[in-house]
Amino acid sequence: MAAAFVAGVFGASAVSADAIRIGVMLPMTGGLAQSGLDARNGFELYWNQVGNEAGGREVEIIVADTVCNPDNAINAARRLAFNDEVDFLVGPLCGHEGPAVAQVSGETGVPLLLVPAAADSQTKWDRIPTVIRTGFSSSQDAHPFGEYLYNELGLRNVTFLGQDYSYGQEKTLGAVATFEALGGTVDEILWAPLSTTDYAPFLASIPQGTEAVVPVVVGVHRNRFIETWFDFGYDRQFDLIGLNLLQADALVDMDDRVVGLISVAQNYSQGIDTPENQAFMDAYVEAYGMIPSYFAEMMFSTAMWAHEAIDSIDGNVEDRDVFLQAVRDTEIVGPRGPLRLDDYDNPIQTTYISRVERVDHPTLGSVLMNVPVASFPDVSQFWTWTPEEFLERGPYTR
């Protein structure tokens, strides 16, 4: 299928020939279109706040629709690189698109700020010098979550349910590794294909005696999973502890049955109590009338990161090596907290464990929102292992 393509300029209607051109790859149609819209909104919000300018030059944003498909993503990246002659790329959103777009970056030399795609390999075994991640790697937030299950919740026997693709495997098995290392027992790992529409057969396989079910579910599957969980009464049998389940974009379709649930382990939580996050939340709600998802925050912070890097080199993005080094040298404090890169071009950042609460928002009224109940600062993609130990062990695959 040919890549669907949307070009747009955020801000001024006329852009100088000397503008910095940024190619953004997101799913603007398909099952993850809302996530793509959230991500685009976050990116747009930041650039609007700074007048669509960096390094003394105007900024032009060109958005390409990938439909969360690797073939579309690679075609979109090539079109942005060759036809639109962008100075650097940002995206894609889906983990399995990341390697395809990274391949284009390596082939063309066009720098890629990899976000939100989270495949572990891109900043570990399959690194490309022109690719810098500004989001997170799949297993990064899962490692502290495994320890949270054991140390903070006191769980000893759990069942995991993971979606059976790279992100689901890396996220699930990252938490399994740290949970088991402390002495926890995994009663079962239930692997659900991405094509799953009915989660009843999987939930029926939960072993009796397991203390909690820990899901990794994305997109529209979250709604299907939650409906099945409550409709069949599993909430009366097991605790539900979300490793990757109830992000902000899912909460808009939920009801009070999910209040009090541990929802997600992630590098962002809407309830972070800092001036940076409060300013971001207020600006996003004012602009878009909804609570921002982590897709929006990651793209907002990526824009901030790029902006500060470009300013530091007086707009000289044409020198790609200089631009990439500027990104590596830049440290920021975004809505999610302090951000800096490790030696493998992946952010070191805070992991937040969140719980769903009903909050009386001054603008939106009563809304469901994620609020941190635990935080782990300075989390590396290698957790407590050395990079050499982690890399020698190899990827998380089932």
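Tutor: Two residues are in contact when heavy atoms lie within 4.5 Å. Please keep in mind that this model is predicted.

Student: Which residues does Val 24 touch, leaving aside those up to four places away in sequence?

Tutor: With that exclusion, Val 24 touches Phe 43, Ile 61, Ile 62, Val 63, Ala 64, Leu 80, Val 90 and Met 299.

Student: How many residues make up the largest nonpolar core, and which of them touch the most other members?

Tutor: The core holds 85 residues, and those touching the most other members are Ile 22, Val 24, Phe 43, Trp 47, Phe 88, Val 90 and Phe 145. Helix α10, residues 294-312, contributes the most to this core, with twelve residues. Another core, of 25 residues, lies apart from it and includes Val 213, Phe 238, Leu 240 and Ala 250.

Student: In what sense do β1 and β3 pair, parallel or antiparallel?

Tutor: β1 and β3 pair in the parallel sense, over seven bridges; Val 24 has Val 63 of β3 as its bridge partner. By contrast, β2 and β3 pair in the antiparallel sense over two bridges, where Ala 54 is partnered by Arg 57 of β3. The hairpin of β2 and β3 has two residues between the strands, and its Gly 55 takes a positive phi near 60 degrees.

Student: Why is strand β3 described as largely enclosed by the rest of the structure?

Tutor: One counts buried residues, meaning those under 20% relative accessible area. Eight of the nine residues of β3 (residues 57-65) are buried, so the strand is largely enclosed by the rest of the structure.

Student: What joins strand β4 to strand β5?

Tutor: Three bridges join β4 (residues 88-91) to β5 (residues 112-114), and the two run parallel. Within this pairing, Leu 113 of β5 is the bridge partner of Val 90.

Student: In what order do the strands of the four-stranded open sheet stand?

Tutor: The order is β8-β7-β9-β10, with parallel pairing. β8 (185-192) and β10 are at the edges with a single partner strand each, so one side of each is left without a neighbour in the sheet. Seven bridges join β7 to β8, and Leu 161 stands opposite Leu 190 in β8. Helix α5 packs on this sheet through β7, β8 and β9, its direction making about 180 degrees with that of β8.

Student: At what angle do the axes of helix α4 and helix α5 cross?

Tutor: The axes of α4 (residues 142-152) and α5 (residues 166-181) come within 7 Å and cross at roughly 45 degrees. This angle makes α4 oblique to α5. The crossing is right-handed. Among the residues making the contact are Phe 145 and Tyr 150 of α4, and Lys 171 and Phe 179 of α5.

Student: Which residues of helix α7 are buried?

Tutor: In α7 (residues 221-231), they are His 221, Arg 222, Phe 225, Ile 226, Thr 228, Trp 229 and Phe 230. These buried residues pack against β7 (157-163), α6 (200-203), β9 (212-216), β10 (239-240) and α8 (248-251). Just after α7, Gly 233 takes a positive phi of about 75 degrees.

Conventions
Residues numbered from 1 in each chain as written. Predicted model: local features only at pLDDT ≥ 70, side-chain atom pairs only at ≥ 80, totals over all residues. Heavy atoms only, no water. Core = buried A, V, L, I, M, F, W, Y, C linked by side-chain atoms within 4.5 Å. Buried < 20%, exposed > 50% of the residue type's maximum accessible area, 1.4 Å probe, protein only. Pairing = 2+ DSSP bridges. Axes fitted to C-alpha atoms, helices over the stretch in contact; angles between N-to-C directions. Parallel < 35°, antiparallel > 145°, perpendicular 65-115°, else oblique. Left-handed = near helix turned anticlockwise from the far one by under 90°.
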